[in-house]
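Dear colleague,

Please find below the sequence and the structure that I am handing over to you. My notes on what was found follow directly after.

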Amino acid sequence: MTDEQPAPNPHASEAEVAAAYRDTKLAQVLYHDWEAETYDEKWHISYDERCISYARDRFEAAVGRSSGATGGSDPASGAEPYDRALELGCGTGFFLLNLMQAGIVKKGSVTDLSPGMVKVALRNGEGLGLDVDGRVADAETIPYDDDTFDLVVGHAVLHHIPDVEQSLREVLRVLKPGGRFVFAGEPTTIGDFYARWLGRITWELTTNVTRLPFLRGWRRPQAELDESSRAAALEAVVDLHTFDPDEMEALAGRAGAVGARVTTEELSAAFLGWPVRTFEATVPEGKLGWGWAGFAYGGWQKLSIVDEKVLSRIVPRRFFYNLAITGTKPE
Ligand SMILES: C[S@@+](CC[C@H](N)C(=O)[O-])C[C@H]1O[C@@H](n2cnc3c(N)ncnc32)[C@H](O)[C@@H]1O
């Protein structure tokens, strides 16, 4: 490897780092192990009402629960919780732990390729008093028996998995007949394109404007900006896919799912969210305060409503940023 290549983990040995650039799964482990202890803080993840309703809303938007798209006997209808659920690529447990707190799941198993993430997810689950177990697991070869779970979920994980169809075949294998899967928070191909450009433009603009002497107080120390740039470069190593809604439905069908259905969300909200997140990464910590946090989150919420109630009726689904897919295992 050359000097320009970023290290996936500053604590990894040189040999490990060199190997990570040849082995995407090793890169995932080194990068996400490194992120694990600071991940909740970095992504504003919490286990209170804010993130509980975020997780519940993503789940319900995917399964069409509020629109009554599922039958009354399917737990997706909201009549009763799923008994046993598995999460793939759980990270710190954001999706499944909050779905459990929302009363959608009774017992959960958290899994991830990164041992550091599984450790934090189990610690979070224990701290919340939830019925959770977990293990290190590759989503392409899930280490559980056939017909084990009523529900399999994931959030922002499919785009990291080299063979997504193989992973969905594994999901269907470990689901009980009639069991459901829900994967949310995946980037669409068009959404990823504009998100990256919005991020890049915001970064260039703010890091250059804050060179002006009277704006210096708004500039993060150079070492921290360099670290953010390295992290962004690393995402290119671990982010493997973006998805087209039609192709994603076809892929799930080929893997053996029935009723595979993609929904997409966030268009105007993404046009606010990506510049806001990038801007936040360029200014010193604590500079923006609670007023800014209220503006950013409140603005994102209001635009999400516009996206759902207005834009989703007139703009084709492939233009929205966030994709979710659900389906079931044949009875
Ligand atoms: C972007 S993070 C999302 C974490 C969490 N689901 C969330 O939404 O906060 C992606 C996670 O997927 C995990 N991952 C990547 N490749 C994987 C694979 N092949 N099998 C299982 N987990 C994987 C990573 O270690 C990381 O924790």
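Is α7 mostly covered or mostly open, and how many of its residues are buried? In this predicted model, helix α7 is mostly covered, with eight of its eleven residues buried. The buried residues are V164, E165, S167, L168, E170, V171, L172 and V174. They pack against the strands β1 (82–87), β4 (149–155), β5 (175–187) and β7 (322–328), and also against helix α10. Where α7 starts, the backbone nitrogen of E165 has a side-chain oxygen of D163 within 3.4 Å.

The packing of α7 on α10 may be of particular interest to you. Two packed helices are described by the angle between their axes and by the distance between those axes. Here, α7 (residues 164–174) and α10 (residues 245–255) meet at an angle of about 50°, and their axes lie 8 Å apart. The two helices are therefore oblique to each other, and their crossing is right-handed. On the α7 side, the contact involves V164, E165, L168, R169 and L172; on the α10 side, it involves M248, L251, A252, R254 and A255. Sorted by class, this contact has seven nonpolar residues, three charged residues and no polar ones.

Of its 331 residues, 49% count as buried. Among contacts between residues at least 6 apart in sequence, 76% join residues at least 24 apart.

With kind regards

Conventions. Residues are numbered from 1 along each chain as its sequence is written. This is a predicted model: local features need pLDDT of at least 70, side-chain atom pairs count only at pLDDT 80 or more; totals for chains, interfaces and linings use all residues. Side-chain values use heavy atoms; hydrogens and water are left out. Axes are lines fitted to C-alpha atoms, for helices over the stretch in contact, and angles run from 0 to 180 degrees between N-to-C directions. Helices (H or I, at least four residues) and strands (E, at least two) are DSSP runs, numbered from the N terminus. Angles under 35 degrees count as roughly parallel, over 145 as roughly antiparallel, 65 to 115 as roughly perpendicular and the rest as oblique. A crossing is left-handed if the near helix is turned anticlockwise from the far one by less than a right angle, and right-handed if clockwise. Contact means heavy atoms within 4.5 Å. Ala, Val, Leu, Ile, Met, Phe, Trp, Tyr, Cys and Pro count as nonpolar, Asp, Glu, Lys and Arg as charged, and the others, Gly among them, as polar. Buried means under 20% relative accessible area, exposed over 50%, partly exposed in between (1.4 Å probe, protein chains only). A polar contact is a pair of N or O atoms within 3.5 Å; within protein, one must be able to donate a hydrogen and the other to accept it, and residues adjacent in sequence count only if both atoms are side-chain atoms.
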